[in-house]
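Walk through this fold with me, from the overall chain to single residues.

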Amino acid sequence: MKVEKFVFNSFDENTYLVSDETKECIIIDPGCYSQDERDFFVAHIKGNGLVPKAIVNTHCHTDHILGVNYLKDVFDIPFAANNADQYLLDIARRQALTHGWVLDDRPIVIDIDCPDGKKFDFGNSTLKCASTPGHTPGGQVIYSESGKFMLTGDTLFKGTIGRTDLPGGDYDTLISSIRNTVMRFDSLYDVYPGHGDGTSIGVEAGGNPFIGIDD
C-alpha cells in the first residue's frame, strides 16, 4: 500500500490518500478548503488514475472535514466516521466561522458509522478502525495490519498527544485510549498523525513524555 500526505488549510492539517496496486484508494481526513487546494487534490487523484472508494475520518473537528462534501460530490463516494462525532458536524458551520472558514449550507452527514473494528476493503487491501476517544468522543485510529501503519488523526503526534481542552475532549480518556489501544500495536508500525511529521509506535513508546506503558 502507498500512503501519501497532503497539508491543507491554515491549520496545516494532514490529509492522506491510501492506495494500492489496483489504483483504488481511501481518502482520510480531507481538510482541503480553498478552491486551489481542492483542485490540486482532485487533479492528483485523477491524474494518477486513482479511484476513491470512501472518505474515512479519524475524527470530525472542522479542520479535518472542510473538503468532505466537495469530494463526496466529485467522486460520488460515502463519508465514514464514528457516529459519536456527528454533533461536531452539526455545529461545523458555526465552528468554521471562528477560524475564518465559510462552509456551504448543506449539512455534513455520516453515511457509514465506524464502530470499533470496522473494516474498509478497497482493491486488494483493507483498513481497519480502532476506537480511541478522548480528543473527541468519536475519535479513532485507522490502521493496516499488512502494511504496519496507522493514521492517528489528533490522538497521537510525534512527541506529544492531542488536545483535550476542546468540547468533547477528556484527558484521562485520551491517555487510556493511547496506552491501552494505540501503544499495544507492534512497535514497527509507522504513525501518520493529523498534523506535523510522522513517527512510529516504537519511537513514541520510548520517548513520548505523555506515555508510560506498564508491561
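Begin with contacts in the protein chain between residues at least 6 apart in sequence: 66% of them join residues at least 24 apart. The model is a predicted one. The protein chain holds six helices and 14 strands. Its radius of gyration is 16 Å, close to the 17 Å that the globule rule gives for 215 residues, so the chain is as compact as a globular protein of that length. Along the principal axes, the C-alpha atoms fill a box of roughly 45 × 40 × 25 Å. Of the 215 residues, 51% count as buried. The protein chain exposes about 9400 Å², and carbon and sulfur atoms supply 48% of that area.

Turn now to the sheet that starts with β1. It is an open sheet of six strands. The order is β1-β2-β3-β4-β5-β6, and the pairing is mixed. At the edges sit β1 (2-8) and β6 (112-113), each of which pairs on one side only. Seven bridges pair β1 with strand β2 (residues 13-19) in the antiparallel sense. Phe-6 has its bridge partner in β2, namely Thr-15.

The next step is from β2 to β3. These two strands run antiparallel and are joined by four bridges. Leu-17 stands opposite Ile-27 of β3. Together β2 and β3 form a hairpin, with four residues between them. Look at Lys-23 in the turn: its phi is positive, about 80°. How well covered is β3? Mostly: four of its five residues are buried.

From β3 to β4 the pairing is parallel, with five bridges. Cys-25 finds its bridge partner, Pro-52, in β4.

Helix α2 (residues 68-75) lies across β3, β4 and β5 (79-81). The helix runs at about 150° to β4. The other helix is α1. Residues 35-47 make up α1, and Arg-38 is found there.

Now zoom in on Arg-38. Is this residue buried or exposed? Arg-38 counts as buried because its relative accessibility is 15%, and the cut-off for buried is under 20%. Which residues does Arg-38 contact, leaving aside its neighbours within four places in sequence? They are Cys-32, Tyr-33, Leu-66, Gly-67 and Tyr-70. Arg-38 and Val-68 are 30 residues apart along the chain, and their C-alpha atoms are separated by 11 Å.

Move on to the sheet that starts with β7. Six strands form this open sheet, again with mixed pairing. Their order is β7-β8-β9-β10-β13-β14. The edge strands are β7 (119-122) and β14 (199-200), and each pairs on one side only.

Strand β10 (residues 149-153) contains Thr-152. With 0% relative accessibility, Thr-152 counts as buried. A polar atom of its side chain lies 2.8 Å from the backbone oxygen of Leu-156. Not counting residues up to four places away in sequence, Thr-152 touches Thr-58, Val-141, Val-191, Tyr-192 and Pro-193.

Strand β13 (residues 190-193) and β14 run antiparallel, joined by two bridges. Asp-190 stands opposite Ser-200 in β14.

End at Ile-201, in helix α6 (residues 201-207). Ile-201 is buried, because its relative accessible area is 1%. What does Ile-201 touch, not counting residues up to four places away in sequence? The list is Met-150, Val-182, Met-183, Phe-185, Asp-186, Ser-187, Tyr-189 and Val-191. Ile-201 and Asp-190 are eleven residues apart in sequence, and 6.5 Å separates them in space, C-alpha to C-alpha.

Technical notes. Residues numbered from 1 in each chain as written. Predicted model: local features only at pLDDT ≥ 70, side-chain atom pairs only at ≥ 80, totals over all residues. Heavy atoms only, no water. Buried < 20%, exposed > 50% of the residue type's maximum accessible area, 1.4 Å probe, protein only. Contact = heavy atoms within 4.5 Å. Pairing = 2+ DSSP bridges. Axes fitted to C-alpha atoms, helices over the stretch in contact; angles between N-to-C directions. Rg over C-alpha atoms; globule rule 2.2 N^0.38 Å. Areas by Shrake-Rupley, 256 points an atom, 1.4 Å probe, with all protein chains shown as cover. Polar contact = N/O pair within 3.5 Å; in protein donor to acceptor, adjacent residues only side chain to side chain.
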